[in-house]
Amino acid sequence: MAMATTITVNGAEHTLDLEPDMPLLWVLREALGLTGTKYGCGISACGACTVHLNGRAVHSCTLPLSAAAGQHVTTIEGLARVGSLHRVQQAWIAHQVPQCGYCQSGVIMAVAGLLAQRPAPTDDEIDAQLSNVCRCGTFVRMRAAIHDAASAAEGAAS
Amino acid sequence: VNRWSRRAFIGAGTVAGGGFLLGVAGFTFAPGRHSLVSADAAGRGQLTTWITISPDNFVTILIPHCEMGQGTQTALAMMTADELDADWPLVRVQEAPALDAYANGYIVRAAGGHYVPAILGRGVDYGAYKVAEWFGFQVTGGSTAVRGTGEYGMRVAGAAAKEMLVAAAARQWGVGVSECAAKRSRVMHAASGRSATFGELSRSAASGRVPTSPALKNPDSFTIRRTSPRRLDIPSKVDGSAKYAIDFGTPGMLYAALEIAPVYGGALLSVDTAPADAMPGVKKVVKLEDAVAVVADSFWRARRALAALKPEFSDAGHGSVSSASIFAAFDKALGAPPDVPAHAAKVVTAEYRVPFLAHATMEPMVCTAKVDGDRAEVWTGVQDPLNARKTAAKALGIDAANVRLTNFVLGGGFGRRLPFTFDYVDLAVRVAKAMSPAPVKTIWTRENDIQHDYYRGAALSRHAGALDGSGMPIAAHSNYTGGGNGESVFMPYAIGDMKAHEKKADHPIRLGQWRSVLNSQHGFFKESFVDEMAYAAGRDPFKFRRALLGERPRFKAALEKAAAMSGWGAPLPSGEGRGIAICESFGTIAAEVVHVAVSPEGRLRVLNVYAAVDCGDVVNLDSATAQVEGGIVFALSAALLSEITIAQGRIVQQNFRDYPMIHIADAPKVVTAFVRSDAPLGGLGEPCVPPLAPALANAVYAACGVRVRELPIRNTPLKRA
């Protein structure tokens, strides 16, 4: 049964009267109208629904609303700071990564999450951490863009 | 009234607020000559594009093809803008609405008028070949948009608009047209130094005479084509703002989850709706002939309620069909291997097998519909809005003119959203009819999508080849099941006696078009078999092919380029190998070399792919390269992992766990080169798919001595002997 749950999404607090077991994905898309986060499989097998929970990349399609209660959620809509795209988004444009683009919100959130943990990941770390499905086959450009975003962060930090 | 009235219509005029508007539809069918032809307003037209130039100097180009990530809209805008000599940063695009006027018959011209692209084969009469038959399509598929609409429509439109702007400037300045030139959205008069922007000239140009035969540029003077401007659709795809069909919303919208008859053709026999009726948010359980839908106020609630139901479906008499029974029928239809000449010094035989495949677009099938009496609105993502509109109209028993369809950015197509495969539109409008007048968004789950696709066909093929005493092939014969056509079975090699015969073996699995269509099966068959003949002859597989391509300079050049890029012939560590393959499809020749490593335990890693592609000329270099990379990765995922199997008439696989895809860790480095030729523009969305699987299998053989004759490769143990 529905019950009131409070979550913070992209900095804004929402109190929602929904079933606690409703997956966060559908809460974001249908209750909050944040459609940048995509449904791809519903079983945590493709990564299209990736968002950040307190800065960590998670699959929102299998994360119940109750698990996000009182937590901070960031979606693709909230990744950019005002007036400036996140460095992963910038690298995605520079390398012209997306084709159909449907998976890319999830990929960008996964990569942003990875870079937050590992600022300069090796190829092996990228391979081990990134399991998103992209049917258009943009992996070749993704890898180059990840390294670019990583070095952009290094440049900014130094 | 002139003789072109049924084919062409152009109109020019001003738009609100001033500015220039040119609508272009026609062109003469005279060979080698592109022209605009005026027609009376009553003339039936295929409208290619509208070009709008506003006083603030922005150019807006209407594009009659959808965008599914292949860069088509940007490429078509580039072709138009180049002829127009527009300043690229001032160019905007807009997708054409789903109206009959935008039906794109040009795709038939792209094929040279000689054959009908297979994607439309079921909708037209091959023999009659009447252009009129094509008016019902507004399709994006068959790698036809750039080479058809672009070459025959958009370029002419851009050139005509430029001539009108130049003429307007010449009139204004009282100078000759030939003294003026357009460059970067300005017209200039060099002698006097005067210049004016397109925007400033737009109002005057709109009242000028429309040229009937505008001059097209010589390729040497292209300024926008052959460069790599950024794709116009990408910014919205990195910040989550791009709107796909699944993202559409409208006030009062309900959501539907579906369970479709698990055996294709089956009917809903019974369902007790009570368990769902009582669940939160549920509005109604809708019973359809072939499915049951739960409609609720959220998709998750609809889906959860659907899971509480236990509908019973009939199996349409196909309950005993299985992958084994289908391949047994293939085997029986093929019979013994084909005969080869008795005087052969050596005979090579082989059998190849490929599975059914699903498209698995990242965005599953989604369609929102609102039905109100004899009118309907549909919001979806399709590769052919006009045909989808007809599907909706037919399902509702209303006139297509009463259906308004809005198309969205596609979350992948690959052939799943082509004409005649709009079951998701059909089902959604039937659900919406039951809920009329509420708008209902029907979202397919991934399970729906994998289990109710129009599959790439499984096939079995038997080959026999004959070598003469010197090791050169004198015959290559094959018998195949699963369909084929002239393009897909064609081999470019100088082999005196080549035959390919189809053997019919029907089955009830629903088939469709999957990226590269029949070439995906036959590319694997024929390029694996040529490789086997090369090894049987004791020859290097690259040199063997090259020796047979003496009369085919385009093939030879692409093959040599790919080999050179890969370092073909240079020694590799033990357990590594290179394989090569070359296929022509959609007017493009693609040669690929795959470099693999196979561990002693049989673990396969694909390290590098080198692609040399001759598609004539290249419009957008970077997005063309992206299509090569994407085609290779798409084909690789299928070759390594993908297999749809059948049991008790049903599709066994359900989701990405049992129908897995490769990840970034599995993706090779891809190196692309375009081999420019004077051939007409070829397609790019598909042609890099067919050579990948055979080049990969050939590389595996070179690496470990195991000949893979069945896809996916994971079904063949690669442990080294």
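**View 1. Strand E19 of chain B is largely enclosed by the rest of the structure, because 9 of its 9 residues (459–467) are buried.** Buried means under 20% relative accessible area with a 1.4 Å probe, protein chains only. This is a predicted model, in which local features need pLDDT of at least 70, side-chain atom pairs count only at pLDDT 80 or more, and totals for chains, interfaces and linings use all residues. Residues are numbered from 1 along each chain as its sequence is written, and side-chain values use heavy atoms, without hydrogens and water. In a regular strand the side chains alternate between the two faces of the sheet. One side of E19(B) carries Ala459(B), Ser461(B), His463(B), Gly465(B) and Leu467(B), and the other Leu460(B), Arg462(B), Ala464(B) and Ala466(B).

**View 2. E19(B) pairs with E14(B) and with E20(B).** Strands are DSSP runs of E, at least two residues, and two strands pair if DSSP finds at least two bridges between them. The pairing with E14(B) (residues 346–354) is antiparallel over 9 bridges; Lys346(B) has Leu467(B) as its bridge partner. With E20(B) (residues 473–480) the pairing is antiparallel over 7 bridges, and Leu467(B) stands opposite Pro473(B). E19(B) and E20(B) form a hairpin with 5 residues between them, and Gly471(B) in the turn has a positive phi of about 90°.

**View 3. A salt bridge joins the side chains of Arg141(A) and Glu629(B) (2.7 Å, N to O).** The count between chain B and chain A is 7 salt bridges, each a side-chain nitrogen of Lys or Arg within 4 Å of a carboxyl oxygen of Asp or Glu. Contact (heavy atoms within 4.5 Å) involves 60 residues of chain B and 52 residues of chain A.

Notes. Chains are lettered from A and ligands numbered from 1 in the order in which they are written. Buried means under 20% relative accessible area, exposed over 50%, partly exposed in between (1.4 Å probe, protein chains only). Helices (H or I, at least four residues) and strands (E, at least two) are DSSP runs, numbered from the N terminus.
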